[in-house]
Amino acid sequence: MISLLLIPTVLLLAASFSPYFKQTDREKIQLFFEIAGIGVKHNNEIQYPSYKATEDDDLSTTYIFRLPLGIPSKLLEKIGGVVGEGLNKPVLIKYENYELRIRVFTHGLKDKVTWCRSMVREDSWEVPVGQMLEGMAYHDFDKIPHASVGGTTRYGKTVFLKNIVTNLILANPDNVRFYIFDLKGGLEFSRYKNLKQVMKVAENTVETFEVLEALLTEIRKKMEYMKHNYITNIVESDEKERVFILVDEAAELCPDKSMPKPKRDLLGACQHMLSEIARLGGGLGYRLVFCTQYPTADTLPRQIKQNSDAKIGFRLATGVASQVVIDEDGLEKLPSLLPGRAIYKTDCKHEMQVPYISDKHMWHVLKDWEVTKDEPKPVYEVPATEQARPSDTSFIEFK
Ligand SMILES: Nc1ncnc2c1ncn2[C@@H]1O[C@H](COP(=O)(O)OP(=O)(O)OP(=O)(O)O)[C@@H](O)[C@H]1O
């Protein structure tokens with residue numbers, strides 16, 4: 001029989017401060033198991049996780065316990081909360097093959113992490129998304145092409161996008177292209193027009209429609225080109241170019257019943273084209289980052305969300321809004337008045353502090369890429385020299 005007596009936090013805290021409790025973290029953890037009933041009852045005897053070993057590193061101490069047979073994962077999920085609250089320290093829990101690892105960190109997340117050049121990973125499509133307890137987390141756009149981002153106004157979405165642009169330009173100056181949809185009137189990204197790697201900054205819905213239409217045509221041509229050359233995914237080919245489509249304030253593209261029909265149709269078409277880009281573009285080298293401060297089923301279309309295997313959420317007002325962005329509660333519990341604090345979710349979930357880059361710092365590192373421009377680059381054309389190469393072994397063949 002399994003026994004779980006979940007005890008109030010106050011009891012854990014009382015235990016922590018009791019005179020009988022001047023013990024090491026390891027001994028306290030062992031006691032928390034007993035107080036919280038984290039164990040398995042077998043033949044009238046409760047078996048708790050038993051201590052095996054301790055490992056130290058610069059950031060933390062990890063206590064390793066052997067788990068009793070038959071302990072349910074639901075019970076293990078609670079250990080992080082129980083031990084974290086009891087020790088009043090940040091902890092991370094891992095369990096596998098009846099081994100439980102409780103990593104107790106010396107420090108919590110920093111309130112601010114300043115971006116620096118050493119965070120750039122040259123020649124890669126990896127971008128630093130945030131400082132976790134364990135170190136910096138990188139998002140690899142070649143592994144997960146699309147990301148959706150949600151968060152209340154002034155909590156760091158635009159800074160996050162600027163972080164992406166800066167890192168990618170420094171990492172791949174000759175191979176990255178950007179299309180930026182700055183639907184808050186071009187306030188934030190207007191100067192980016194002058195960057196060599198930025199093809200277009202669309203500042204209103206009409207421009208957005210035109211650019212998306214051209215992009216979709218380009219994507220379809222590229223699809224034909226790749227089919228022609230037996231390339232199934234750009235990542236497995238010699239093609240180096242990647243195209244980033246950044247949308248800042250997707251809610252501006254949301255049709256509303258109160259709008260005149262032509263405007264509704266225009267916005268509906270924009271949303272549809274973005275969904276198509278999310279659906280078709282990943283394998284072809286197009287990466288979509290879609291941000292909104294008003295996450296609802298209307299502002300974050302289903303197809304875009306389903307194709308975004310990375311979700312980044314800043315603080316939101318309610319659990320319902322959090323569900324829209326990261327498919328679970330949690331963003332409403334992030335600290336208020338702390339911009340840059342986010343949850344990054346792929347196949348697992350981490351809380352982190354997004355690196356902050358000021359405009360001044362950013363333009364200092366990007367100044368070499370500011371150019372005078374005449375015309376935007378044409379849409380993708382199949383190069384005359386690049387015809388079918390069925391014998392080229394670096395490409396994957398359709399069977
Ligand atoms: N990662 C960060 N670390 C520290 N401070 C940050 C961070 N990101 C943003 N900030 C602070 O918060 C302010 C607002 O950030 P930002 O413009 O990115 O918000 P936003 O979510 O895009 O807001 P809106 O939706 O209104 O455009 C910044 O000017 C900066 O002072």
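Reader: How many residues sit between β17 and β18 in their hairpin?

Author: Three residues come between β17 and β18 there. Before we go on, note that this is a predicted model, where local features need pLDDT of at least 70 and side-chain atom pairs count only at pLDDT 80 or more, while totals for chains, interfaces and linings use all residues. Residues are numbered from 1 along each chain as its sequence is written, and side-chain values use heavy atoms, with hydrogens and water left out.

Reader: Which strand forms a hairpin with β4?

Author: That's β5, and again three residues lie between the two strands. Strand β4 (residues 50-56) pairs with β5 in the antiparallel sense, over six bridges. Follow Thr-54 across and you reach its bridge partner in β5, Tyr-63. Tyr-63 also has a bridge partner in β7, namely Ile-102. β5 and β7 run antiparallel too, with seven bridges joining them.

Reader: Is β5 mostly covered or mostly open?

Author: Mostly covered, as six of its seven residues are buried. Buried means under 20% relative accessible area, exposed is over 50%, and partly exposed is in between (1.4 Å probe, protein chains only). Helix α4 (residues 79-87) gives you another case: seven of its nine residues are buried, so the rest of the structure largely encloses this helix. Ile-79, Val-82, Val-83 and Leu-87 are among them. Just past α4, Asn-88 takes a positive phi of about 55°.

Reader: How do I read a pair of aromatic rings?

Author: You describe it by how far apart the centres are and the angle between the planes. Rings of Phe, Tyr and Trp (its six-membered ring) pair if their centres lie within 6.5 Å; planes under 30 degrees apart are stacked, over 60 edge-to-face, and the rest tilted. The whole structure has eight aromatic pairs. Take Phe-33 and Phe-65: their ring centres are 5.1 Å apart and their planes are at 85°, so this is an edge-to-face pair. This pair links distant parts of the chain, with Phe-33 in helix α2 (residues 25-36) and Phe-65 in strand β5 (residues 60-66), 32 residues apart. Both Phe-33 and Phe-65 are buried.

Reader: At what angle are the ring planes of Tyr-192 and Trp-363?

Author: At 70°, with the centres 5.2 Å apart, so that pair is edge-to-face. Tyr-192 lies in the loop between β12 (176-182) and β13 (198-202), and Trp-363 in helix α10 (residues 359-366), so the pair ties together parts 171 residues apart in sequence. Tyr-192 and Trp-363 are both buried.

Reader: Which charged end sits over the ring of Trp-363?

Author: That of Arg-191, 4.0 Å from the ring centre. A charge counts as over a ring if NZ of Lys or CZ of Arg is within 6 Å of the ring centre and within 35 degrees of the ring normal. Lys-112 does this with Tyr-356, its charged end lying 4.3 Å from the ring's centre.

Reader: What shows where empty space is left?

Author: Rolling a probe the size of a water molecule over the atoms does that. On a 1 Å grid over the protein atoms alone, a pocket is an open set of points where a 1.4 Å probe fits, with protein on both sides within 12 Å along at least five of seven lines; lining residues have an atom within 4 Å of a point. The largest pocket has a volume of about 1,100 Å³, a volume being the space filled by probe spheres set on the points, which are joined across faces, edges and corners.

Reader: Which residues of the lining lie nearest the centre of the largest pocket?

Author: Val-91, Leu-92, Lys-349, His-350 and Glu-351, out of 24 lining residues. β6 (91-96), β7 (99-105), β17 (341-345) and β18 (349-353) each supply at least two residues of that lining. β6 has the largest share, with four residues.

Notes
Two strands pair if DSSP finds at least two bridges between them.
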